[in-house]
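Please open the model in your viewer and keep the selection tool at hand, as this tour moves from one selection to the next.

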Amino acid sequence: MKITSAEFIKAAVNSRGWPKDGKPQVAFAGRSNVGKSSLINSLVNRRGLVKTSSTPGKTREVNFFLINGEYYFVDLPGFGYARVPGRVQADWGPMIEEYLLQCPDLRAVIFLLDIRHEPGDHDRMLNQWLSGNEIPAVYVATKADKISRGQRHKHLKVLADAVGADPRDIIEYSSETGEGKPKLWDAIKSAVSQ
Ligand code: GTP
Ligand code: MG
């Protein structure tokens, strides 16, 4: 995928801050530290476009990035990290829910799951919101470089069972090696062109 431009547009805490230009939006969701911000940087080949951190809870607002002037990548705050102060964490659920349920330009959610871990309650809840509201989800297993090829299927099966998907429909991805990039771009291109 040729990226001619990728720019940060704004951060929003509620619907008043969302871009309202009608351009399609693709959101990236998943638990804190799963690798959302790194994956966006890797997709657009810009190391520093989105801030990443080994400390969970880096992204705390809904961040909008305009890609090739045509569509938005939306970096959602990660959920489910216990060490974040209670009030901040309490703000997250409603902020994500409002966006997912009410943004008219949302075309698909890229749902990130760490290939190493069994999905948790928040992952299951998000999955239910998405299917209950008929929001198309693209499942991505992040940090694939951390699991050897021989162990991959076993791990994908755990993720697939938790979200009710076929293991073959989960895209194995590594922001370190670029594995999975063409497949994920195909899914994104098809979502924004609908
Ligand atoms: P929050 O903003 O806290 O919700 O986290 P996030 O989901 O945006 O995660 P982020 O991209 O900041 O990555 C978290 C940590 O995981 C960082 O230390 C990254 O370097 C590491 N990481 C992300 N993707 C990969 C990957 O594909 N492979 C490996 N080995 N590490 C990764
Ligand atoms: Mg982040």
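Throughout this tour, two residues are said to be in contact when they have heavy atoms within 4.5 Å of each other. Please keep in mind as you go that this is a predicted model.

Begin with the sheet, where 7 strands are arranged in the order 1-3-4-2-5-6-7, forming an open sheet with mixed pairing. Strand 1 (6–12) and strand 7 (171–172) are found at the edges, and because each has a single partner strand, one side of each is left without a neighbour in the sheet. Now select strand 1 together with strand 3 (residues 62–67), which run antiparallel and are joined by 6 bridges; within this pair, A11 stands opposite N63 of strand 3.

Move on to W18, which lies in the loop between strand 1 and strand 2. Is W18 buried or exposed? Its relative accessible area is 7%, so W18 is buried, the cut-off being under 20%. Among the residues that W18 touches are K10, F64, Y99 and C103, and the C-alpha atoms of W18 and F64, although 46 residues apart along the chain, are separated by 7.9 Å.

Finally, select helix 1 (residues 36–43) and helix 5 (residues 181–192), which pack at an angle of about 90° with their axes 11 Å apart, and are therefore roughly perpendicular to each other. Here L39, S42 and L43 of helix 1 meet K181, L184, W185 and I188 of helix 5, and the residues of this contact divide into 5 nonpolar, 1 polar and 1 charged.

Methods: Residues are numbered from 1 along each chain as its sequence is written. Chains are lettered from A and ligands numbered from 1 in the order in which they are written. This is a predicted model: local features need pLDDT of at least 70, side-chain atom pairs count only at pLDDT 80 or more; totals for chains, interfaces and linings use all residues. Side-chain values use heavy atoms; hydrogens and water are left out. Two strands pair if DSSP finds at least two bridges between them. Helices (H or I, at least four residues) and strands (E, at least two) are DSSP runs, numbered from the N terminus. Buried means under 20% relative accessible area, exposed over 50%, partly exposed in between (1.4 Å probe, protein chains only). Axes are lines fitted to C-alpha atoms, for helices over the stretch in contact, and angles run from 0 to 180 degrees between N-to-C directions. Angles under 35 degrees count as roughly parallel, over 145 as roughly antiparallel, 65 to 115 as roughly perpendicular and the rest as oblique. Ala, Val, Leu, Ile, Met, Phe, Trp, Tyr, Cys and Pro count as nonpolar, Asp, Glu, Lys and Arg as charged, and the others, Gly among them, as polar. Lists of a residue's contacts leave out its neighbours within four places in sequence.
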